[in-house]
Amino acid sequence: MPLQLTYEQKAPGVFTLQLAGSLDTDTYQDYEAEVDKLYAEFPVVKVIILDLEGLTYISSAGVRVILATKKRLKGMGGELGILHMQPQIEKVFAIIKALPSLQVYGSIAELDAYLKAIQKKVVAGEM
Amino acid sequence: MWHLDINTGNFSMTEVAQRIAAYLAECRCPEGIIFAIHLVVEELLTNVACHGHSPEIRLGIEMTAGHVLLEVVDSGVPFNPLEYEVQGLDQAFADREVGGMGIYLVKEMMDELSYTYKDGKNRLRAVKQFAP
């Protein structure tokens with residue numbers, strides 16, 4: 001199944017990236033290209049929230065590129081968050097013991113509270 | 001046993017996954033199990049295609065009540081995934097090196113694995129059990 005990707009700026013430096021379909025050997029390069037496009041378009045990228053509501057499948061190739069995004073953000077003092085992780089996707093992350101180091105949000109409300117806190121940090125120059 | 005021959009130089013994982021899913025759905029295999037088999041096949045094929053130097057892979061699947069048997073046969077470099085130890089899973093996600101995750105997933109997703117190397121062929125058999 002192909003991968004559909006859409007990003008949106010929620011606040012300065014804060015983005016959501018929606019993924020729908022499969023993130024795997026055949027599609028991980030599409031994901032990388034979309035993240036590169038986001039970085040090319042916006043000079044400041046501090047937080048990327050991956051909205052995985054429509055993601056039905058992930059393999060280690062997909063996990064790797066998410067890991068790379070997290071590293072890229074962390075290198076610049078930023079953060080990666082995950083929203084709406086489906087149970088089968090969560091299971092894959094759980095098996096490779098990645099859940100403890102991921103910020104996972106179950107709902108938009110939970111994410112909004114987080115984004116407000118992030119905004120304060122950005123305004124205060126802490127991020 | 002249902003078979004699929006894959007040319008490692010030129011294959012679409014999406015197409016392979018669709019064929020497997022169609023076959024398993026026909027056998028009334030539960031969706032969660034189809035997901036697991038899809039994942040395991042992808043990890044094993046990617047591994048053989050990247051490191052095994054085998055021109056072809058023969059995939060076999062057999063489904064009986066509560067049990068899917070998956071067989072992957074290739075003529076590449078001898079490689080026993082059962083002996084492969086994955087390092088670094090205790091490290092934070094962002095600090096990890098990227099290798100080995102696929103094989104670890106295979107081991108964790110399947111209930112039984114066995115490997116033989118005979119007549120120049122790697123043969124990996126993996127079983128997934130479920131409540132029928």
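How much area do chain A and chain B bury between them, and what share of it is on carbon and sulfur atoms?

1. Between them, chain A and chain B bury about 2300 Å², 63% of it on carbon and sulfur atoms, where buried area is the accessible area (1.4 Å probe) that two parts lose on being put together, summed over both. This is a predicted model, in which local features need pLDDT of at least 70 and side-chain atom pairs count only at pLDDT 80 or more, while totals for chains, interfaces and linings use all residues. Side-chain values use heavy atoms, with hydrogens and water left out.

2. On the side of chain A that touches chain B, strand 3 (47-58), helix 2 (60-75) and helix 3 (87-95) of chain A each supply at least two residues, and helix 2 of chain A gives the most, with 9 residues; helices (H or I, at least four residues) and strands (E, at least two) are DSSP runs, numbered from the N terminus.

3. The contact (heavy atoms within 4.5 Å) takes 26 residues from chain A and 23 residues from chain B. Between the chains the count is 0 salt bridges, a salt bridge being a side-chain nitrogen of Lys or Arg within 4 Å of a carboxyl oxygen of Asp or Glu.

4. As for confidence, the mean pLDDT (the predictor's confidence in each residue, from 0 to 100) of chain A is 91, and 100% of its residues reach 70 or more. Within chain A, confidence is lowest in helix 4 (residues 108-123), at a mean of 80, and highest in helix 1 (residues 28-41), at 97.

Technical notes: Residues are numbered from 1 along each chain as its sequence is written. Chains are lettered from A and ligands numbered from 1 in the order in which they are written.
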